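This report describes selected features of the structure shown below.

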Amino acid sequence: MLKTIRNKIYNSTTTSALGGIISVLLIRVFGILFLFGITIYLTNFYDPALVGAYEFTRSALFLIGGFAILGTDQSILFFSGRFLKRNQVKTFFRIYLKMVLLILLISVVILIGTLSVPQPVFDSLFNDITSGTLLIKTSFCVFFYAITLLNTELYRGFVLQKKSELYRGLYKQLPFAVGLFILYIFEAKAYLVDVFLASYLLLAIITSLEVLKIYSRNTFSNSPSKPVLFKTILKSTMPIAMSALGFYLLISIDIFFLKIYTDFKTLAYYGTAVKIIFLISTIVSTISSYIAVEIAELYVKNREELQVLMRKGVRIISSLSVLLSVFLYFCSELILNIFGAEYTEANESLRILIIGHFLSTLCGITAVYLNMTKKQITLQYIIAFTVVFNGILNWILIPKMGMNGAAIASALSVVMWNVIAGIIIYRKDKINLFIH
């Protein structure tokens, strides 16, 4: 079986679209393992309540930051293809600066909105006096988080794929890791969340200096600079922003419901299980990113070759996923025990998540396909429906089943939206994304 999988990977990597899958996958997996290392340290040396506060803040930052960035991290790639290939570097950087200004404006609105909410409202909603303060701190740092994401994707526009992957998977963890070491030296564990948020301030500065360096190296050309209106930028970013916000809601809504009905300790246990699941989703995202461009090209030129590409993609994804899922499922308790004996309470939840995410991999790369074939509106409707479905399930199941209820809601949602997307794609394009 391993030989068969190896041959499939080899055959696929001979194409230009899949040529760099293995190296990028290794970078991403190494980044996740580094994150696991940080998490293992936290769960073994920090009180679960502090770890839970960190998980709550992390989810809040991803969700609020996903709104603040407004899809600019993806649309910057569209503008790079449009202007950099024409050697219009100055025009491209004018667009980048307008995106930065747009992010700043949204971040300020978010901060003002958060500060305007009375503290008793937060206290009543989350049943504590801490969550509101954490959300306010998150709002102060959301601009730096969004800028870090934007800069990381800008590197791709200049064909700096490895730099981008290293920042996404590894470098973004380093400031936090250093901060944890400093907390250890000064015995100041209570500042865990503050160090996590401050790490993005440092990352924003470092990545912005990198962007400035790229700018200085590439603006020697005297090519004319064309004005690009905010209206044009918003037109390209808004559809992406809506889809991205839906995805962020799907991966964070269970955390917020858990906090409403349980406590920070439960968040710590469940959040650790969710991190383990990232290994499965990394396989899908890595392969998807490498065949995205070819999907768009073949959709217009050759549907038969597109079907072949989709079949190869889902077979590789499912082959890798089945090995990883089986290992994670049967070793789940042992793995969780590494994070601390208390964290084995999430064992059943982890197994539920593993089953759900594995089944979703059998549906292929639905989201990328819809985006690359100009079906973004369809994707938005599917995600919006799934978010509502997921929210209802969390509302019903978490009060009765705790973190297992959150896991069931998450697993059912990820399978459902991928199945719906696969069916719609087959009906519209006669392209089968399911494993076959």
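Ala, Val, Leu, Ile, Met, Phe, Trp, Tyr, Cys and Pro count here as nonpolar, Asp, Glu, Lys and Arg as charged, and the others, Gly among them, as polar. By these classes, the lining of the second largest pocket has 15 nonpolar, no polar and no charged residues.

The model is predicted, and local features need pLDDT of at least 70, side-chain atom pairs count only at pLDDT 80 or more, and totals for chains, interfaces and linings use all residues. Residues are numbered from 1 along each chain as its sequence is written, and side-chain values use heavy atoms, with hydrogens and water left out.

**The second largest pocket**

The volume of the second largest pocket is about 290 Å³. Of its 15 lining residues, Leu 63, Ile 64, Phe 126, Leu 135 and Phe 256 are the closest to the centre. Two or more lining residues come from each of helix H3 (48-68), helix H6 (119-126) and helix H11 (230-261). H11 gives the largest share, five residues. Domain 1 (13-228) and domain 2 (239-435) each supply at least three residues to the lining; the domain bounds come from an automatic or database domain assignment.

A pocket is an open set of points on a 1 Å grid over the protein atoms alone, where a 1.4 Å probe fits, with protein on both sides within 12 Å along at least five of seven lines; lining residues have an atom within 4 Å of a point. Grid points are joined across faces, edges and corners, and the volume is the space filled by probe spheres set on them. Helices are DSSP runs (H or I, at least four residues), numbered from the N terminus.

**Helix H7**

Helix H7 covers residues 131-157, and at 1.5 Å a residue its 27 residues should span 39 Å, in agreement with the 38 Å between its end C-alpha atoms. The expected span is 1.5 Å times one less than the number of residues. A kink of about 45° is centred on Cys 141 in H7, the bend being the angle between axes fitted to the seven residues ending there and the seven starting there. Because 22 of its 27 residues are buried, H7 is largely enclosed by the rest of the structure.

**Positive phi values**

Val 159, which follows H7, has a positive phi near 60°.

Key
Buried < 20%, exposed > 50% of the residue type's maximum accessible area, 1.4 Å probe, protein only.
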